[in-house]
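Okay, everyone, thanks for coming. Let's take a quick look at charged pairs and then at a bit of surface.

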Amino acid sequence: MNDSINITRAFLPSKEEFLKEIDDIWESRWLTNMGDKHARLEKELRDYLGVREISLMTNGHLALELCLQALSLTGEVITTPFTFASTTHAIVRNGLEPVFCDIDPETYTMDAGKIEALITERTSAIVPVHVYGNVCNIEEIEKIAHKYALKVVYDAAHAFGVRYNGRGIGAFGDASMFSFHATKVFHTIEGGAVCHSSLELGANLNRLRNFGISGLESVGLVGANAKMNEFQAAMGLCNLRHVEDEILKRKTVVEKYLECLGGVKGIRLPAPQRGVVSNYAYFPVVFDETVFGFDRDQVFDRLSEQNINARKYFFPLTSAFECYRGKYNPEDTPVAMDVARRILILPLYADIATADVERICDVIWRCTAGHGSVFHSIPGGKFYAQCNQTCQKE
C-alpha cells in the first residue's frame with residue numbers, strides 16, 4: 001500500500017526556535033489578554049501585509065463575524081456561495097440575510113458583473129471572497145460599493161501574502177479578514193485577523209473580541225471572547241520569519257503540477273492573474289467529463305484508492321447546506337453549481353515530495369489515457385511524462 005498523501009500539512013518552525021520564542025512567557029506568566037507577543041505580531045503583520053491597522057483574533061471565523069458586527073450592518077449582504085461555511089455563517093449569525101451572487105468561471109470569485117442586479121434598498125454590504133488566492137474584481141466591486149454607499153468586507157482567508165498592483169491584498173475595501181488556521185500558508189495554529197484603516201472600527205473590534213469591555217467597570221458592547229493568546233502569537237512570530245521561503249517552495253510545487261498536467265485534455269488548471277503576486281495557496285483542477293472521460297468524483301475515488309487525499313472544495317455550495325435548506329436556491333447561481341460539481345483540490349504544501357506530485361499526476365493521466373503508469377524514472381532522478389508523445393497516439 002502506498003503511503004498516504006494528505007491534502008495539506010502545516011508548516012512548523014524548529015522546536016528550538018519556538019521554545020526560544022516562548023521562553024520569556026514563563027518569566028512574565030502573561031498568557032493571554034493582548035500581551036507582548038500579541039503586540040509584536042500585530043506590528044510585524046501590519047508591516048508585512050502593508051495595512052494601516054490590524055486586529056488579531058483567536059480564529060478567522062470570529063474575525064469575520066465580529067467585523068460584520070462592528071460595522072453595524074443591517075438587512076441584506078451580497079456574497080458568494082462558493083466559499084467555506086464560515087463566510088455564510090458569519091453573515092447569518094449577525095442576523096443578516098445573505099444574497100448569493102454567481103461566480104466568474106475563470107477565477108471562481110464573485111462575478112462583479114452580476115452584483116448590481118442583486119442590490120435592493122435593504123442591501124448594506126458586499127462580502128466577496130478571494131478564492132484559492134485568486135483576487136476578486138476589486139476595481140468593479142469598489143466602484144459599485146461607492147455608487148450605492150455599501151460597505152465591502154473581503155474574506156481573504158486564502159490570500160495571505162497576496163499582492164495586487166503592488167499593494168497588499170488586505171489594504172482593499174473597508175476591511176479584510178485573514179485566517180491563520182494551521183492549514184493556511186501562514187498560521188498561528190488557530191487564529192485570524194481583520195485588516196482595516198479605520199480607528200473607530202479598530203476600537204470596536206478590540207472591544208468586541210474582549211466581551212465588549214471598554215473599561216474596568218464599563219461594558220458598552222455585546223461582545224465575544226476572540227482574543228489571540230500569547231502562544232498563538234509566538235507561533236505567528238516564528239512562522240512569519242519563514243513565510244516567504246514557504247511561498248517560494250509552494251510555487252515550485254505548483255510549477256511541477258503545471259508541467260506534469262499541462263498536456264492533459266479536459267481539465268482546467270490555475271492561470272496567473274494580471275497584477276497579482278500569488279501565494280500559491282491551493283491547486284484547483286476543474287474536470288470536463290465530456291473531454292476528460294472521467295467526472296470529478298471518479299477521479300477523487302481513483303486518487304483515494306491510492307491513498308491520495310484530494311478535496312472537493314468547495315462542495316456543496318453553502319446555499320445548499322442542510323441548515324439552509326428551503327431558504328436559498330443553489331440553482332440561482334448556475335456557474336457556481338457547475339464548478340462545485342467539477343472542481344478538485346490536489347495536495348499542496350511546501351515540502352511535498354516531487355515524487356508524490358508525480359504520483360498524483362500519474363493517477364490523473366491514467367484516468368484519461370487508460371494506460372498504465374506514464375511517468376518513467378530516468379538517470380539523475382528526473383521524471384518525464386510521455387503521454388503527449390505516446391499515450392495520445394495509442
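Let's start with Glu259, which is exposed because its relative accessible area is 53%; exposed means over 50%, buried under 20%, and partly exposed in between, with a 1.4 Å probe and protein chains only. Bear in mind that this is a predicted model, where local features need pLDDT of at least 70, side-chain atom pairs count only at pLDDT 80 or more, and totals for chains, interfaces and linings use all residues. Residues are numbered from 1 along each chain as its sequence is written, and side-chain values use heavy atoms, leaving out hydrogens and water.

So what does Glu259 pair with in a salt bridge? Lys256, at 3.6 Å from N to O; a salt bridge here is a side-chain nitrogen of Lys or Arg within 4 Å of a carboxyl oxygen of Asp or Glu. Both sit in helix H8 (residues 243-261), three residues apart, about one turn of the helix. Helices (H or I, at least four residues) and strands (E, at least two) are DSSP runs, numbered from the N terminus. Lys256 counts as buried because its relative accessibility is 14%. Elsewhere, salt bridges with shared partners tie Glu17, Glu21, Asp24, Lys37, Arg40 and Arg241 into one network.

How many salt bridges are there in the structure? It holds 24. One of them joins Arg122 to Glu76, with the closest N and O atoms 3.1 Å apart. That pair links distant parts of the chain, 46 residues apart: Arg122 is in the loop between strands S3 (97-100) and S4 (123-127), and Glu76 is in strand S2 (residues 76-79). Glu76 is buried because its relative accessibility is 12%, whereas Arg122, at 43%, is partly exposed.
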